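Please read the following briefing alongside the sequence and the coordinates. It is arranged by topic.

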Amino acid sequence: MADDNSQGRFEAIAVGLLFMVLAVAMVALGSRDWLPELASRHGAGVDKMLVYLLVTTGAMFLVGHFVLGFFVWRYTRGGGVQNRMASPKMERNWSIALGLLMTLVAEGGVLAIGMPTWTEYFASAPPGDALTVEVTPEQFAWNVRYPGADGVFGETDSSLIELNNPIGVDPEDPRGKDDYTAINQIHVPVGRPVRVRLRSKDVIHSFFLPQFRVKQDAVPGMTIEVWFVPTKTGRYELPCTELCGLGHYRMKGFFNVLTAEDFETWKSETFAAEEVG
Amino acid sequence: MTDKELGFVRRYIFSTDHKIIGIQYILTGFLMALVGGALAMMMRMQIAWPGRQWGFLEALFPNGMAGGIMTPEFYISLVTMHGTIMVFFFISYVLVSGFGNYLIPVQIGARDMAFPFLNMLSYWLAALSALVMLASFFAPGGAAAAGWTAYPPLSAIASAVPGSGLGQTLWLLAMALFIFSFTLSGLNYIATILSMRAPGMSMWRLPLTVWSYFVSAVVGVLAFPPLTAAAIMLLFDRHFGTSFFLPDGLVVAGEHLPHQGGTPLLWQHLFWFLGHPEVYVLILPALGVVFDILPAFTRKPVFGYRMTAWCYLAIGALGMIVWGHHMFVSGMNPYSGEYFSIMTMVITIPSAIIGVNMLGSVWGGSIRLKTPMLFALGLIAFFGTGGFGGIFLGNATADIQLHDTYFVVGHFHFMIGGVTLLGTYAAIYFWFPKMFGRMMNETLGKIHFWATIVAFYSIFLTQHFIGLAGTPRRYYAFIDYEFLAPMRGMQTFVTFAAFVMGAAQLLFAVNFCWSLLKGRKAGVNPWRATTLEWTLPSPPPHGNWTGELPTVERWAYEYSADEAEEDFTGQTVDASSVPVTF
Ligand code: HEM
Ligand SMILES: [Cu+2]
Ligand SMILES: [Cu+2]
């Protein structure tokens, strides 16, 4: 059979360019709106990790697409096969080279940058001066509780849950008398570590603060803690990122980071009002 | 028994011929893809134009689209059913069950599968499970709506969401049936590949397609049964008051539940113990068929044959022990998070080697840009793109930001959506002549390729960036959040691209049907390829080899050998006429 390699030069160039240019163009278009601006101290580690990954895998992504595009263009020009088979040595060397490269890039990233940040988030205790907030989501709202002046939460019992006692605070427990509760609004001072104590009443929800690079599922039956340090004042949206039912998309809370003075004012006004009422 | 002696029903419907069964799976899978694809289009419409009225959809879904406006509960049903259908009832059926059944016996030189009757049974169980899954749409309260991962308590408590009533029960039953059928056919694959090879077909002479089906079947058989157990446990929690996955003190929709002592995390472990290996069960065959297709269109042997087979095995083994990388922020012990992160990164090594072996198989060849080759080349690019996204997500620290956002949606669509989809198409365009004796139309095929690949990048690469910005997934609408306002334009763009993608698939359907009836007649070996199936008539008769079984003399990729007259040397060509090079 005659060589049926009747492909036009044009097609080869088109397919080659597809791989070389399309991917790059999409990245350029897509990256206009980057990560939301960072507002926490821990988050810097996450951002460092993301930038490291973008640079290293981004480079491999571009090189890979470029090589593929080049091969298509180069080896579609007719003529015979130019390299029938690689020698076993060449095959082996490529495997070893890639093994090393991936070990360095992937494992290196995890161990050198990822692990310290991960440990800081999930396996280190918050400093003693941390502010503790308990967040107990339900379909489709965030119940918030502060331990009040004594710094200790009162007991809760799910059997006490009813319409005006949404997380079942025990009225008999003296430690709970000064607890302050709210819905969908969290207030914290800037610069002071916040410890969020997550529980859930019904299904799994997920506490996500995109500007703080904080995400943690809230799982019924478990109490999970996560801590971080807000570094910028402002009013931030708190979406839920674990599918929790039909209102999942509008389960919005607010995370208000105040200056230290504003926080004290807010506290004295609202906590006091609560106790009186 | 020859074909003639069997009636129509025994020949085409309740057939035990692996080729007919393969084609049955393929057609069933494409019907399901039509449903899954339509659901995706509806989701994208809602995301780009939230709350808009689409009168014509009301007739189809009187409840979910009441007044032509989509309800939030219907949207999450769509997400759930789209994901489930695409993963289990489209890609699994077409690529793993369809092509697996069709190709394994003809590529290893067997007359049929080891257990033909069991094979037929697997298909009919699979068809039944597809019907049960679709029935979920007609359940009161609507289809299952807890996501394709079906996390309890959402999936366990009937009052949690409208679809968690009968819809979810049907979903669970369908999954259990599916896994049962898939396990049976997996055992069949393993038995066939190990014991039915023609004389001379050693393991190291198997085409990489067969290697990939072998590893995929082993992984499937080991990883799937735990989910059957989990599905049954969940059914017990739902209907018989047990508490495997439900802790004490649940208060759902104002109602106190009596459960005690379970944990939702158990389900997540059991689910992902299947869910993650499932990804490899789907991807390995896509990589396998591409290694068969590349040499036929570059006229040179594959690069790194043995290494590739070893990498399949390595990926299969490692794939079974990294499921926890879906659970970094689930509340499990953070130290196990570190373990899963490190092990996940180990998988990048065999994956990268496979990627380079694919590139190496293109290098130095004499490329023919026919449609199957275009899809194979696209697959190489997708495997890279998906793989790099995977490095982000496998990294626990980066996953804190990216988990459950559109970055994940972009990534898994490249992997289990894209690599498998392009592998499926490459396989169809390549083996269609063998299956039906006719060629597919090249021009339509090329338009299909261009539209698919450009649209795919536009949809799913863009979604990576939408995700980096923090956009959560499984959202009915993004109107409520200010921090997502900059993403609106991109979301609309994605929707338009999705319609291009959808339209291109309809073009493929046209090509498929038209070629079936009117395509140019294909000979025995239209691509001049080397593996055994290309020595059979197109289509091959029942029993494949009418006379004696072939004797295999060499490996599967003898192209452009120096001593040969032609630029390919079939696996049965005598070693004395053309020397064996590998
Ligand atoms: C034109 C093609 C496709 C489009 C436009 C599309 C679109 C979508 C959309 C909008 C979602 C919901 C994302 C979210 O909110 O989390 C989704 C989810 C999903 N898709 Fe696709 N999809 C396509 C093809 C595929 C294919 C081929 C597969 C797999 C083989 C697939 C598998 C999935 C899965 C597993 C989910 C997750 C469902 C869940 O979260 O429960 N999709 N897709
Ligand atoms: Cu929620
Ligand atoms: Cu949610």
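The model is a predicted one. In chain A, a copper ion (ligand 2) is held by four residues, His205(A), Cys240(A), Cys244(A) and Met251(A), while in chain B the iron atom of ligand 1 is coordinated by His82(B) and His413(B). Chain B also contributes the elements that give two or more residues to the lining of the second largest pocket, and cis peptide bonds occur there between Pro152(B) and Pro153(B) and between Ser538(B) and Pro539(B).

**The copper site in chain A**

- The donor atoms of the copper ion (ligand 2) are ND1 of His205(A), SG of Cys240(A), SG of Cys244(A) and SD of Met251(A), and they lie at 2.1 to 2.4 Å from the metal.
- The angles among these 4 donor atoms run from 98 to 126 degrees, and the site of the copper ion (ligand 2) is tetrahedral; for four tetrahedral donors the ideal angle is 109.5 degrees.
- Along the sequence, the donor residues of the copper ion (ligand 2) follow the spacing H-x34-C-x3-C-x6-M.
- A separation of 2.7 Å lies between the copper ion (ligand 2) and the copper ion (ligand 3), and Cys240(A) coordinates both of them.

**The iron site in chain B**

- His82(B) and His413(B) each coordinate the iron atom of ligand 1 through NE2, at 2.0 Å.
- Because the 6 donor atoms around the iron atom of ligand 1 subtend angles of 84 to 179 degrees, the arrangement is octahedral; the ideal values for six octahedral donors are 90 or 180 degrees.
- The two histidines link distant parts of the chain, being 331 residues apart, with His82(B) in helix α4 (residues 72-108) and His413(B) in helix α14 of chain B.
- His82(B) counts as buried because its relative accessibility is 12%, and His413(B) counts as buried because its relative accessibility is 17%, both values falling under the 20% cut-off.

**The second largest pocket**

- The second largest pocket has a volume of about 470 Å³, and of the 21 residues that line it, those closest to its centre are Tyr12(B), Ile20(B), Ile23(B), Met435(B) and Pro539(B).
- The elements of chain B that give two or more residues to this lining are α1 (8-13), α2 (18-48), α14 (406-436) and α16 (488-518), and the largest share, 5 residues, comes from α2(B).
- By class, the lining of the second largest pocket is made up of 13 nonpolar, 3 polar and 5 charged residues.

- Helix α12(B) has 24 residues and spans 34 Å from its first C-alpha to its last, close to the 34 Å expected at 1.5 Å a residue.
- Since 21 of the 24 residues of α12(B) are buried, the helix is largely enclosed by the rest of the structure.
- Leu369(B) is placed in the loop between α11 (334-362) and α12 (371-394) of chain B, and, with 0% relative accessibility, it counts as buried.
- The C-alpha atoms of Leu369(B) and Leu536(B) are 25 Å apart, the two residues being separated by 167 residues along the chain.

**Backbone details in chain B**

- The peptide bond that joins Pro152(B) and Pro153(B) is cis, with omega at about 0 degrees, and Pro153(B) is found in the loop between α5 (116-135) and α6 (166-195).
- Ala150(B), which is placed in the loop between α5 and α6, has a positive phi of about 50 degrees although it is not a glycine, and it is buried, with a relative accessible area of 0%.
- The peptide bond from Ser538(B) to Pro539(B) is cis, with omega near -10 degrees, and Pro539(B) has its place in the segment after α16.
- Ser560(B) lies in the segment after α16 and has a positive phi of about 50 degrees although it is not a glycine; with a relative accessible area of 17%, Ser560(B) is buried.

Terms used. Residues are numbered from 1 along each chain as its sequence is written. Chains are lettered from A and ligands numbered from 1 in the order in which they are written. This is a predicted model: local features need pLDDT of at least 70, side-chain atom pairs count only at pLDDT 80 or more; totals for chains, interfaces and linings use all residues. Side-chain values use heavy atoms; hydrogens and water are left out. Donors are N, O and S atoms within 2.8 Å of the metal (3.2 Å for Na, K and Ca); water is not among the atoms, so sites may look incomplete. Four donors count as tetrahedral if all angles lie between 85 and 135 degrees; four count as square planar and six as octahedral if opposite donors are over 155 degrees apart and all others between 65 and 115; anything else is irregular. Helices (H or I, at least four residues) and strands (E, at least two) are DSSP runs, numbered from the N terminus. Buried means under 20% relative accessible area, exposed over 50%, partly exposed in between (1.4 Å probe, protein chains only). On a 1 Å grid over the protein atoms alone, a cavity is a set of points where a 1.4 Å probe fits but cannot get out, and a pocket is an open set with protein on both sides within 12 Å along at least five of seven lines; lining residues have an atom within 4 Å of a point. Grid points are joined across faces, edges and corners, and a volume is the space filled by probe spheres set on the points. Ala, Val, Leu, Ile, Met, Phe, Trp, Tyr, Cys and Pro count as nonpolar, Asp, Glu, Lys and Arg as charged, and the others, Gly among them, as polar. The expected span of a helix is 1.5 Å times one less than its number of residues.
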